[in-house]
Amino acid sequence: MSDKKDFRTRVIHEGLHPSEWQGATLPPICQSASHLHETAENLSATFGGKTSDHIYLRLTNPTNRVLEEKLALLESGKGAVVMASGMAAITNACMALLRTGDEFVSGNSLFMSTYILFNNIFKKYGITARLVESTDLAALEAAITDKTRFVYLETIGNPKMDVPNLAETARIAHRHGLPLLVDNTLATPYLCRPLELGADVVIHSTTKYLSGHGDAPGGVVIDGGNFDWQQGRFPDMKPFIDRKGPLAFLDKVWREHHINFGTTQAPLHSYLTMIGLDTLAIRMERHLENCARVVDFLAARPEVTWIKYPGRLDSPSHLTAKAQFNGMGFGGILSFGLRDQAQCFSFINGLKMIYHLANLGDCKTLIIHPSSSQYLSFDEPTKQSLDITPDLIRLSVGIEAVEDICQDLAQSLDRI
Ligand SMILES: *Cc1c(COP(=O)(O)O)cnc(C)c1O
């Protein structure tokens, strides 16, 4: 498919090869643990990386490979590996670059499990995450030392709803010989393509908007293929550069970590994710439109004490988001405040249609009180540094009729 076609067309047609699938318009779900090889020579050549044949599901799989090609193309990357979850993708991508004694710099507006991985788990192995305000470029640069191995950001932090400047951060990282890794789960390649803005690696939890139906956990690491790994900081990259050239990083993620940690994606989940991708663009259009309308609705309610959403003029991230996103909107998620935790509980308990659960990016509108749920085990100073306050509610706006979403919010607000 030509790059010139619009994203809304490419998201449907990119990476499909019906002629290889007996005319089927969807890839077969190849549910097989292992693959036959006709000759000993062929299996040996495949283990040596000289053919792209499949060996064993934990290494590669035909259904997974279709999704990998498709996601790489949609994010303007050169290659991708799908994994069992977003956390598997984040863990493998970071571990591929880190050794004991290393450091990395990350925005502090992080998904909860990423925060735990960076601060608690990596610490056990002598690795230091230097967390800074995601949008503070000076602090980010000041945190770089000669031990730093990469810079890490999320396109839209949640529930802070801050949007870091990816192009400027990439320039700073590159000036210090470092790659920029970006978790693009909340924006999706429909709204923002970090590799086109200078980032080097993109990660997704495909569990969220990409699959869209809350039916298929998954993650992906996408390599932009442009970072120069030959520079001083990455001597351990040499064998991977020799083997895969510009895709050295992805090869290291795959060969050293993914296949040995066993973070295998189920072929059925890749298949379901591909079905979801067919409607990504039209779903995102509705998510963005509905979210903007819900923000306006909440802003007019006296019970709502504050709203964080990059689409609002009072958001410190508004201009960055406007410049970085595709012009169609500002994401499908917002945070807002009520008086206190008791009022948040009463409001959530009074909802009739909106689902109360721990997920986001689903067709359905989802709500959660982060302080008492996902962040329950976090101590108060950490919660405060992440803006996880007791009065905060996070709303992931779905694609239902926006009147019905607002009606449900209204009937519960009326009664708190
Ligand atoms: C959900 C999420 C993850 C983790 O993904 P899983 O598929 O649940 O492992 C990572 N980053 C962000 C921004 C997320 O929303």
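Reply: Buried area is the accessible area, taken with a 1.4 Å probe, that two parts lose on being put together, summed over both. The model is a predicted one. Between domain 1 and domain 2 this area is about 3,100 Å², and carbon and sulfur atoms give 62% of that area.

Me: What are the two domains, and how far apart are their centres?

Reply: Domain 1 covers 7-30 + 61-276, and domain 2 covers 281-415. Their centres, taken over C-alpha atoms, are separated by 26 Å. The contact involves 36 residues of domain 1 and 39 residues of domain 2; these residues count because contact means heavy atoms within 4.5 Å.

Me: Why is the pair Glu285 and Arg8 called a salt bridge?

Reply: The closest N and O atoms of Glu285 and Arg8 are 4.0 Å apart. The rule asks for a side-chain nitrogen of Lys or Arg within 4 Å of a carboxyl oxygen of Asp or Glu, so the pair is called a salt bridge. Across the interface of domain 1 and domain 2, the rule finds 1 salt bridge. Residue pairs in polar contact between the two domains, both at pLDDT 80 or more, number 12.

Me: What makes Gly86, Thr207 and Lys208 polar contacts of the ligand?

Reply: The ligand is surrounded by 14 residues, and the closest are Gly86, Asp183, Ser205, Thr207 and Lys208. A polar backbone atom of Gly86 is 2.8 Å from a ligand oxygen atom. For Thr207, a polar side-chain atom lies 2.7 Å from an oxygen atom of the ligand, and for Lys208 a polar side-chain atom likewise lies 2.7 Å from a ligand oxygen.

Me: Where is the cis peptide bond, and what is its omega?

Reply: The bond from Asn158 to Pro159 is cis, with omega near 10 degrees. Pro159 belongs to the loop between β4 (148-154) and α7.

Me: What is noted about phi of Gln22?

Reply: Phi of Gln22 is near 55 degrees, a positive value in a residue other than glycine. Gln22 sits in the loop between α1 and α2 (40-47).

Conventions
Residues are numbered from 1 along each chain as its sequence is written. This is a predicted model: local features need pLDDT of at least 70, side-chain atom pairs count only at pLDDT 80 or more; totals for chains, interfaces and linings use all residues. Side-chain values use heavy atoms; hydrogens and water are left out. Domain bounds come from an automatic or database domain assignment. A polar contact is a pair of N or O atoms within 3.5 Å; within protein, one must be able to donate a hydrogen and the other to accept it, and residues adjacent in sequence count only if both atoms are side-chain atoms. A residue is near a molecule or strand if one of its heavy atoms lies within 4 Å of it. Helices (H or I, at least four residues) and strands (E, at least two) are DSSP runs, numbered from the N terminus.
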